[in-house]
Amino acid sequence: MARAAVAVHAAGGSRVAGDRHVTVRTLTRDALAAYGTALATRLTAPVLVTLTGDLGAGKTTLVQAICRGLGVTVPVTSPTFALMHEYESPAARVVHCDLYRLTTPRDVASLGLDELCAASDVVMLVEWPERAGTLLGEPTLALTLEHVDDDESVRTCTERWQA
């Protein structure tokens, strides 16, 4: 059995393990926004990006920055109550879902996300993806945001790309 190659880059915090590329960053709120804008240049439809983290961790802030980077020109707001917002951009159709208010995968199934995920022109950004169970499938990019205990203005962002 072959061992998975693992490389760690101290400056970028990157780690490649098997078929996943993992990068961990510690970012201020401003740096999080700049990171999201830059990250958008690496997203090509069709793509599923999941964003996981506690309330207030910066998921919507990151989505707003990704949308800016994709060329969305209208205000991007949290779809907590609407569940889903769609935006046009020069790059793709951008669908932003917030599954926080849903409690079971059956609730999520009624949204038709499987059809949207299958569309070739969609960049899908999903907050609280754990509420969907296995309905969404494997994300192209999974982002996890965590508070840093000793500094409320800083977040740890873990980026996992599926090969």
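Visitor: Why is T23 called buried?

Guide: T23 has 2% relative accessibility, and buried means under 20% relative accessible area, exposed over 50% and partly exposed in between, with a 1.4 Å probe and protein chains only. So T23 counts as buried. One caution: this is a predicted model, where local features need pLDDT of at least 70, side-chain atom pairs count only at pLDDT 80 or more, and totals for chains, interfaces and linings use all residues. Residues are numbered from 1 along each chain as its sequence is written, and side-chain values use heavy atoms, leaving out hydrogens and water.

Visitor: What makes the link between the side chains of T23 and H21 a polar contact?

Guide: The two side chains are joined at 3.3 Å. A polar contact is a pair of N or O atoms within 3.5 Å; within protein, one must be able to donate a hydrogen and the other to accept it, and residues adjacent in sequence count only if both atoms are side-chain atoms.

Visitor: Why is the pair of Y100 and W128 called tilted?

Guide: Rings of Phe, Tyr and Trp (its six-membered ring) pair if their centres lie within 6.5 Å; planes under 30 degrees apart count as stacked, over 60 as edge-to-face and the rest as tilted. By this rule there is one aromatic pair. Its centres, in Y100 and W128, are 4.8 Å apart and the planes sit at 55 degrees, so the pair is tilted.

Visitor: How do you know whether W128 is buried or exposed?

Guide: W128 has a relative accessible area of 10%, so W128 is buried. Y100, at 33%, is partly exposed.
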